[in-house]
Amino acid sequence: MLFSGLQHTKTYDFVDQSKMGELLSLCDVAITRGGTTSLAEQHIFGLKKIIIPIPRTHDQMSNALYYQKKHHDILIDQDSPFFI
């Protein structure tokens with residue numbers, strides 16, 4: 001995993017819903033996709049978000065743009081030629 005060697009960083013392939021609230025309460029920042037429910041849950045827990053919407057979905061980019069404008073979260077466009 002890309003971030004697994006970083007100090008103070010924990011990565012998960014999958015997290016069961018029963019653990020999600022506990023983990024979100026421990027976090028400061030989320031690197032996330034742009035799903036409506038995920039963004040809302042992370043917002044409730046006060047997380048700053050780096051949002052990378054899935055390009056082929058109909059709503060994730062508009063969700064990300066909303067959170068960028070309304071809550072000053074960071075939007076990264078995966079289709080940008082500068083995305084690595």
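A residue counts as buried when its relative accessible area is under 20%. Please keep this cut-off in mind during the tour of this predicted model.

**First stop: strand β1**

Select residues 29-32, which form strand β1. The side chains alternate along this strand.

Strands of a sheet pair through backbone hydrogen bonds, either parallel or antiparallel. Within β2, Ile50 is the bridge partner of Ile31.

Three strands now form an open sheet in the order β1-β2-β3, with parallel pairing. Because β1 and β3 (74-75) each have a single partner strand, they stand at the edges, and one side of each is left without a neighbour in the sheet. Two bridges join β2 to β3, and Ile74 in β3 stands opposite Ile50.

Select Lys49, found in strand β2. Is Lys49 buried or exposed? Its relative accessibility is 1%, so Lys49 counts as buried. Which residues does Lys49 contact, leaving aside its neighbours within four places in sequence? The contacts are Ala30, Thr32, Leu39, Gln42, His43, Tyr67, Asp73 and Ile74.

Move to Asp73, in the loop between α3 and β3. Asp73 counts as buried because its relative accessibility is 5%. Leaving aside neighbours within four places in sequence, Asp73 is in contact with Leu47, Lys48, Lys49, Ile51, Tyr67 and Gln68.

**Last stop: two helices**

Finally, select helix α2 (residues 36-44) and helix α3 (residues 60-71). Two packed helices are described by the angle between their axes and the distance between the axes. Here the axes come within 10 Å and cross at roughly 20°. Angles under 35 degrees count as roughly parallel, so α2 is roughly parallel to α3. The crossing is right-handed.

To view the contact, show the side chains of Thr36, Leu39, Ala40 and His43 in α2, which meet Asn63, Ala64, Tyr67 and His71 in α3. The residues of this contact divide into four nonpolar, four polar and no charged. Leu39, His43 and Tyr67 are also among the contacts of Lys49.

Technical notes
Residues are numbered from 1 along each chain as its sequence is written. This is a predicted model: local features need pLDDT of at least 70, side-chain atom pairs count only at pLDDT 80 or more; totals for chains, interfaces and linings use all residues. Side-chain values use heavy atoms; hydrogens and water are left out. Axes are lines fitted to C-alpha atoms, for helices over the stretch in contact, and angles run from 0 to 180 degrees between N-to-C directions. Helices (H or I, at least four residues) and strands (E, at least two) are DSSP runs, numbered from the N terminus. Angles under 35 degrees count as roughly parallel, over 145 as roughly antiparallel, 65 to 115 as roughly perpendicular and the rest as oblique. A crossing is left-handed if the near helix is turned anticlockwise from the far one by less than a right angle, and right-handed if clockwise. Contact means heavy atoms within 4.5 Å. Ala, Val, Leu, Ile, Met, Phe, Trp, Tyr, Cys and Pro count as nonpolar, Asp, Glu, Lys and Arg as charged, and the others, Gly among them, as polar. Buried means under 20% relative accessible area, exposed over 50%, partly exposed in between (1.4 Å probe, protein chains only). Two strands pair if DSSP finds at least two bridges between them.
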